[in-house]
Amino acid sequence: MWRGQAQFEETRQQFQKHPVVGQWKPLATASRGQELQQPEPSATDLGGGDENQSVAQLNVSRLRSSSVEIREKGSEFLKEELHRAQKELKLKDEECERLSKVREQLEQELEELTASLFEEAHKMVREANTKQAASEKQLREARGKIDMLQAEVTALKTLVITSTPSSPNRELHPQLQSPSKAVFRKGHGRNKSTSSAGGVAAASQSPPLEPASSEFKEVDSILFAEFQAWKESPTLDKSCSFLARIYHEDVGPCLDFTKHELSELIQAAVEQNTLNIEPVATQALPVVKVSAIECGGPNGFRSQIVTKCALSGLSRACRHRIKLGDSGNYYYISPSCRARITAVCNFFTYVRYIQQGLVRQDVELMYWEIMRLRKEMSMAKLGFYPSEM
């Protein structure tokens, strides 16, 4: 119960204790046209009536003042309540505005997060597709190499099976061939047998080889120091002093062919380990007319299975061809060019083995193997190559 109402109840109770006594006239019916005679008030009654009237007026004034005060206090209370309600409403409006801003921010962050997730998913899909394509390509290349190796193994088995002491295979025993045909023998000679009498006779007629002990070797301190520094952290970067010297003295001159543009492509393929060398069938080579002097024959012109070497530009008996990386182009090369390319490939293969930690030898032994491979590159550059090329 609020304060104004309490005062109003108190005033009402006081008014009930002191009733207002006023003048009133009783009404009565006149019989037969005669009016009732009213008694005149006495002095005592008049005095008491004035006192009661003043008390009643005092109570009415008090009641009016109390009602005015109650009305004012009620108005103030309502104003305070209205002000407080407006203040609360304002706070709620501010809270709603803040929450709406938070919601908008969250929606924007959610959109950005969704977009980034979709972009990342697409990126992962692209990378997976790229890796899958690369893996499939490597698988195809590996299968091609396996097929080629299986074909070589099958051919070697056929050669070994068809060779017997009574009827030796002349492909396996080049010493049994005539000197004119031995130069153009196809394939690589392996497991040269000397069990037959003819083989022993041919071997006895060949010039004696110098024993390995007659070759003296001495470590070059500068080259060995460069190799040791490179061995600490092996790399294929040609800027290091060890590889820079070999590039300048061996690799560059060995791969310097007449066709300079193709020579640069071959060197890049050798460095990236994407060069393929494969033998070709003699029937697949084009037949051209060459002079007897160019072929080394004694009489006039004759027909021989030769083709033009893609590196030297000369007509030679090209029994191998090369392919650079994923290119579908094949280049026929002569035995001399093949020997030079093979020597450089052997060097890079051994260097990669060292870099990958596959060579478990003493540093000096690895150094002499490097020197032997450099010697092969130098000999191939000068035109020396094995007869099986």
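Is Ile 354 buried or exposed? In this predicted model, local features need pLDDT of at least 70 and side-chain atom pairs count only at pLDDT 80 or more, while totals for chains, interfaces and linings use all residues. Residues are numbered from 1 along each chain as its sequence is written, and side-chain values use heavy atoms, with hydrogens and water left out.

Ile 354 turns out to be buried, with a relative accessible area of 6% (buried means under 20%, exposed over 50%, partly exposed in between, using a 1.4 Å probe and protein chains only). Across the protein, buried residues make up 22% of the 389 residues.

Ile 354 sits in helix H9 (helices are DSSP runs of H or I with at least four residues, numbered from the N terminus). Setting aside neighbours within four places in sequence, Ile 354 touches Trp 230, Lys 231, Pro 234, Val 359, Met 366 and Ile 370, where contact means heavy atoms within 4.5 Å. Lys 231 is 123 residues away along the chain, yet its C-alpha atom and that of Ile 354 are 8.1 Å apart.

Now for the helix partner. The axes of H9 (residues 335-355) and H10 (residues 363-381) come within 8 Å and cross at roughly 165°; axes are lines fitted to C-alpha atoms, for helices over the stretch in contact, with angles from 0 to 180 degrees between N-to-C directions. That makes H9 roughly antiparallel to H10 (angles over 145 degrees count as such). Residues of H9 that meet H10 include Phe 347, Tyr 350 and Ile 354, and on the H10 side Met 366, Ile 370 and Leu 373 are among them.

Technical notes:
Helices (H or I, at least four residues) and strands (E, at least two) are DSSP runs, numbered from the N terminus. Angles under 35 degrees count as roughly parallel, over 145 as roughly antiparallel, 65 to 115 as roughly perpendicular and the rest as oblique.
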